[in-house]
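Opening the notebook on a new model today.

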Amino acid sequence: MSDTLFTKIVNREIPADIVYEDDEVLAFRDIAPKAPVHVLFIPKRAIATLNDLGEADVLLIGKLILAATRWAKAQGFADKGYRLVSNCNRDGGQTVFHIHVHLLAGRMLEWPPG
Ligand code: AMP
């Protein structure tokens with residue numbers, strides 16, 4: 001299987017504005033931001049969609065969310081608020097098939113989303 005766009009970012013084959021990295025998680029600024037802060041948290045290991053998650057991924061998903069919430073706190077906007085969202089397949093609006101959590105912050109976000 002060919003590498004996903006995000007695996008290429010993990011491997012530094014294409015550039016990205018990386019804001020956080022550990023052994024299993026990478027975070028970088030979205031190339032088309034939808035809010036003043038728009039960062040994507042991804043597992044380094046490629047998993048295509050949320051539907052492909054299994055028991056073996058439970059810890060990884062926990063680490064992904066925790067990395068995002070810790071980063072939000074470190075940046076100083078956690079108390080004000082932010083949104084984590086993950087899109088799945090066509091109706092969910094997924095365009096890159098390597099799971100990721102969007103962290104959106106820096107403005108009042110609307111609900112429900114479009
Ligand atoms: P989704 O539509 O939920 O799959 O989200 C994919 C996100 O990846 C979109 O918000 C895109 O703007 C973003 N994106 C696509 N290519 C890049 C890139 N090279 N660097 C950073 N973000 C990207």
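Predicted model: local features only at pLDDT ≥ 70, side-chain atom pairs only at ≥ 80, totals over all residues.

Where is Thr49? I found Thr49 in the loop between β3 (37–43) and α2 (58–75). Buried or exposed? Thr49 has 7% relative accessibility, and because buried means under 20%, Thr49 counts as buried. I then skipped its neighbours within four places in sequence and listed what Thr49 is in contact with: Cys88, Asn89, Gln94, Phe97 and Ile99.

Next entry, His98. I located His98 in the loop between α3 (89–92) and β5. Its relative accessibility is 0%, so His98 counts as buried. A polar atom of the His98 side chain lies 2.8 Å from the backbone oxygen of Pro43. Not counting residues up to four places away in sequence, I see His98 touching Thr4, Phe6 and Thr7, and also Ile42, Pro43, Lys44, Arg45, Ala46, Ile47 and Ala48.

Pro43 came up again when I checked strand pairing: Pro43 in β3 is the bridge partner of Val25. β2 and β3 pair in the antiparallel sense, and I noted five bridges for them.

Then the whole sheet. What is the strand order? I get an open sheet of five strands, β1-β2-β3-β5-β4, with antiparallel pairing. β1 (18–21) and β4 (83–85) are the edge strands, each pairing on one side only. Ignoring direction, neighbouring strands of this sheet are turned by 20° against each other on average. α2 packs on the sheet and touches β1, β2, β3, β4 and β5; I get about 155° between the direction of α2 and that of β3.

Last, the nonpolar cores. The largest has 14 residues, and Val37, Val39, Phe41, Trp71, Phe77 and Leu103 have the most contacts inside it. Which elements give two or more residues to this core? I list β2 (25–29), β3, α2 and β5 (101–105). α2 gives the most, with five residues.

Leaving aside neighbours within four places in sequence, the contacts of Phe41 include Tyr20, Val25, Leu26, Ala27, Leu64, Trp71, His100 and Leu103. There is also a second, separate core of eight residues, and I noted Leu26, Phe28, Leu40 and Val96 among them.

Notes
Residues numbered from 1 in each chain as written. Heavy atoms only, no water. Helix = DSSP H or I, 4+ residues; strand = E, 2+ residues; numbered from the N terminus. Buried < 20%, exposed > 50% of the residue type's maximum accessible area, 1.4 Å probe, protein only. Contact = heavy atoms within 4.5 Å. Core = buried A, V, L, I, M, F, W, Y, C linked by side-chain atoms within 4.5 Å. Polar contact = N/O pair within 3.5 Å; in protein donor to acceptor, adjacent residues only side chain to side chain. Pairing = 2+ DSSP bridges. Axes fitted to C-alpha atoms, helices over the stretch in contact; angles between N-to-C directions.
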